[in-house]
Amino acid sequence: MSVRWHSYPDPRATAEACAHHILALLEDSLAGNDQATLAVSGGSTPKLLFEHLVAARFRWDRVHLFWVDERAVPPSDPQSNYRLANESFIGPAGFPRRNVHRIPAELVAERAAEHYADDIRRFFGIEEGDLPHFDVVQQGLGADAHTASLFPGEPRIEDRDCVAAAVHVEKLGQWRITLLPGVLLAARHSVFLVTGADKAEAVGAVFHEEYQPSRFPAQVVSHHGRRVAWFLDQAAARLMEE
Ligand code: 6PG
């Protein structure tokens, strides 16, 4: 397990460095394989990341795109993580549609999670009970130290066996579909992109508080991920000693 963190002056510089890191990891994966797998998060932070991934003019036909989580809304909904990626990344980059593994979040959340887990198992050629090894999983961090859609108090934070699940986020009054911790931990590389002063306390807690994943869900990966890299802007890194 290795954990490294890097800080940059502002969100754009942070997203650019994160994009270059992800592209280098994908190139490494492709050195020995015909295709690579990337799972991205949603929210607002990835927009700048997507812009830099598009600008790189990478050969996306060798990459299969998945999501870390999705809101239980149709793909046209402004809250949809797929819509953000489609508008900022998939479309502008000319990402082959056959390589895009959208979570069918227009379905009832439990059905969407089942369909998504089936899609993942089919793509990775694994059986029920096995876990996929994504080459790169890009994660964000909420101001409450949630990651994916694993929020504080979510019982599935202990799940190390299942691929994806529907979770109800009480504080948001919203259903979501999320990859579960076992899959996040099975990733070859975990890449956190976190910017903004509102995240500084959460970053500090994840790194400096004792291990309490129910309280700080992102600690599951920061403490037990295989290779974990954090890309922070200076505002989010305020409580990190240099
Ligand atoms: C989501 C994300 C979630 C996100 C954090 C940070 O669906 O919202 O996957 O885990 O990474 O909530 O969100 P922001 O980038 O909007 O701060």
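Where does the ligand sit? The ligand is found in the largest pocket, a pocket being an open set of points, on a 1 Å grid over the protein atoms alone, with protein on both sides within 12 Å along at least five of seven lines. To sit there, a molecule must have more than half of its atoms within 2 Å of the grid points of the pocket. The model is a predicted one, in which local features need pLDDT of at least 70 and side-chain atom pairs count only at pLDDT 80 or more, while totals for chains, interfaces and linings use all residues. Residues are numbered from 1 along each chain as its sequence is written, and side-chain values use heavy atoms, with hydrogens and water left out.

Around the ligand there are 15 residues, each with a heavy atom within 4 Å of it. The closest are Thr-45, Asp-69, His-146, Ala-148 and Lys-199. Thr-45 places a polar side-chain atom 2.6 Å from an oxygen atom of the ligand, and Arg-71 has a polar side-chain atom 2.8 Å from a ligand oxygen atom. Ala-148 takes part through its backbone, where a polar atom is 2.6 Å from an oxygen atom of the ligand. On its own the ligand has 420 Å² of accessible area, and the protein covers 88% of this; accessible areas come from the Shrake-Rupley method with a 1.4 Å probe.

Strand β4 (residues 69–71) pairs with β7 in the antiparallel sense over 3 bridges, and the bridge partner of Asp-69 in β7 is Thr-178. Strands here are DSSP runs of E with at least two residues, helices are runs of H or I with at least four, and both are numbered from the N terminus; two strands pair if DSSP finds at least two bridges between them. Strand β6 (residues 164–169) runs antiparallel to β7 and is joined to it by 6 bridges, with His-168 bridging to Trp-175 in β7. The two strands, β6 and β7, form a hairpin with 4 residues between them, and Gly-173 in the turn has a positive phi of about 60°.

Strand β9 (residues 227–233) has 6 of its 7 residues buried, so the rest of the structure largely encloses it. Strand β1 (residues 2–8) pairs with β9 in the parallel sense over 7 bridges, and His-6 has Phe-231 as its bridge partner in β9. Strand β8 (residues 189–194) is also parallel to β9, over 5 bridges, with Phe-192 partnered by Trp-230. In β8 itself, 6 of 6 residues are buried. In a regular strand the side chains alternate between the two faces of the sheet. In β8, His-189, Val-191 and Leu-193 point one way and Ser-190, Phe-192 and Val-194 the other way, all of them buried. Strand β5 (residues 136–139) pairs with β8 in the parallel sense over 4 bridges, and Gln-138 stands opposite Val-191.

Glu-114 lies in helix α4 (residues 109–124) and is partly exposed, with a relative accessible area of 41%. Its side chain and that of Arg-111 are joined by a polar contact of 2.9 Å; a polar contact is a pair of N or O atoms within 3.5 Å, where within protein one must be able to donate a hydrogen and the other to accept it, and residues adjacent in sequence count only if both atoms are side-chain atoms. The C-alpha atoms of Glu-114 and Asp-69 are 13 Å apart, with 45 residues separating the two along the chain. His-101 belongs to the loop between α3 (81–93) and α4 and is buried at 8% relative accessibility, and its side chain makes a polar contact of 3.1 Å with that of Asp-119.

Most residues other than glycine have a negative phi. Arg-57 has a positive phi near 50°; Arg-57 lies in the loop between α2 (46–55) and β3 (63–67) and is exposed at 75% relative accessibility. Ala-145 has a positive phi near 70° and is placed in the loop between β5 and β6, where Ala-145 is buried with a relative accessible area of 1%.

Terms used. Buried < 20%, exposed > 50% of the residue type's maximum accessible area, 1.4 Å probe, protein only. 1 Å grid on protein atoms, 1.4 Å probe; cavity = no way out; pocket = protein on both sides within 12 Å on 5 of 7 lines; lining within 4 Å.
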